[in-house]
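Student: I would like to learn how to read a structure like this one. Please take me through it feature by feature.

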Amino acid sequence: MTLSALAATLPASGGGESYQPPTPAIFWQPLFEVGPITVTNQMAWAAIITGVLSLVLIMLSKNASVVPSKGQWLLEGVYNFPRNSVARDMIGTKEFKKYVPLLVTLFLMVLFYNLAGSFFLTMNPVTGKVGFPIALTLVVYVVYHWVSIQKMGLGGYFKHMIPPGLPGWIVPFVFLLELITYFITRPLTLALRLFGNMFAGHMVIYLFVTGAFYFLLHGDGILLQALSVPTFIMAGVMVLFEILVQFLQAFVFTLLAASYIAAAVSDDH
Amino acid sequence: MEITGSLSLIGYGLSAIGPAIAVGLIFAAYINGVARQPEARGLLQPIAILGFALAEALAIFGLVLAFVL
């Protein structure tokens, strides 16, 4: 890969092997094979997270009452964030209720898949494998096209893409651009944004941790070995920063999904 | 001096400049808006984060292309 080519340029300090910077290959963690399918670490953790999340949500909401118990109060706090500040603010008070289940599920799934990157047992974001963001994006993709076509009809949907009041000669160009936006750019950026953030963040943490261990174990002299201390601190700082990014990306994913749905639901362009 | 490696990484560095400036401008405008009208914070926040996400997409394209090409 491209990064390993860079490694050759770094001077090999220390006695033995030179430092190997992380490559995308670190995300390939197969566990076992079932027929033609290889079950990876990320798939196993996705299943565990989804199972635990479902169980906890069912348990906390089972005995819902007007006077909430402690667990219900906690759940409502979590639930109200995507409901109020994403769904209601983006889609509008009239029609947002229909989309709250989808958006809350998306938010919680993306959030906990992301947070697996900072959880001490996994230390590997599930969404760092591109398949997971693609699957989540496919759901959003189908939903916002379906909602648009249901509301406006197929012809009306294409007509809706062109803002009113444009001079005639520019309409085909705008239509082409909007067509690319709706069918290619939107799903592509939605999936790649989540994937790219988690992928890059995990790589950076991996780089700092392995770099610190390399300095400590193979460093040439006490000075290079002492350099492992700031590198370790930097790794810790990056983990804290990553937790922020993981929350932010879950929010952004849900916010964009809501805004795509809102564009379909709202009457004005 | 001989340098080996991939030009894709330099390409990624270049592609990150534009989004970096854009994200800075977006949050500068957001801070400006909140400073002038603190009660507009709730209204401005989703807009700012939406703009941030759209600008950031370009940097993400660069990152992905750096690995793909």
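**Overall form and core**

Tutor: Chain A has a radius of gyration of 23 Å, whereas a compact globule of 269 residues would have one near 18 Å. The radius is taken over C-alpha atoms, and the globule rule is 2.2 Å times the number of residues to the power 0.38. This is a predicted model, in which local features need pLDDT of at least 70 and side-chain atom pairs count only at pLDDT 80 or more, while totals for chains, interfaces and linings use all residues. Residues are numbered from 1 along each chain as its sequence is written, and chains are lettered from A and ligands numbered from 1 in the order in which they are written.

Student: How many helices and strands are there in chain A?

Tutor: Helices (H or I, at least four residues) and strands (E, at least two) are DSSP runs, numbered from the N terminus. Chain A has eight helices and two strands, in the order α-β-β-α-α-α-α-α-α-α.

Student: Which residues touch the most other members of the largest nonpolar core?

Tutor: In soluble globular proteins, nonpolar side chains tend to be buried together. A residue is buried if 20 or more other C-beta atoms lie within 10 Å of its own, exposed if 12 or fewer, and partly exposed in between, with C-beta atoms placed from the backbone. A nonpolar core is a set of buried Ala, Val, Leu, Ile, Met, Phe, Trp, Tyr and Cys residues joined through C-beta atoms within 7 Å. Here the largest core has 52 residues, and A:Val110 and A:Ile261 touch the most other members. α8(A) gives the largest share, 12 residues.

Student: What is A:Val110 in contact with, leaving aside neighbours within four places in sequence?

Tutor: Two residues are in contact if their C-beta atoms, placed from the backbone, lie within 7 Å. For A:Val110 these partners are A:Thr127, A:Leu136, A:Leu194, A:Ala250 and A:Phe253.

Student: At what angle do α3(A) and α8(A) cross?

Tutor: Axes are lines fitted to C-alpha atoms, for helices over the stretch in contact, and angles run from 0 to 180 degrees between N-to-C directions. The axes of α3(A) and α8(A) cross at roughly 30° and come within 8 Å. Among the residues making this contact are A:Pro82 and A:Val86 of α3(A), and A:Ile261 of α8(A).

Student: How many residues does each chain give to the contact between chain A and chain B?

Tutor: Each chain supplies 18 residues. On the side of chain B, α2(B) provides the largest share, 12 residues.
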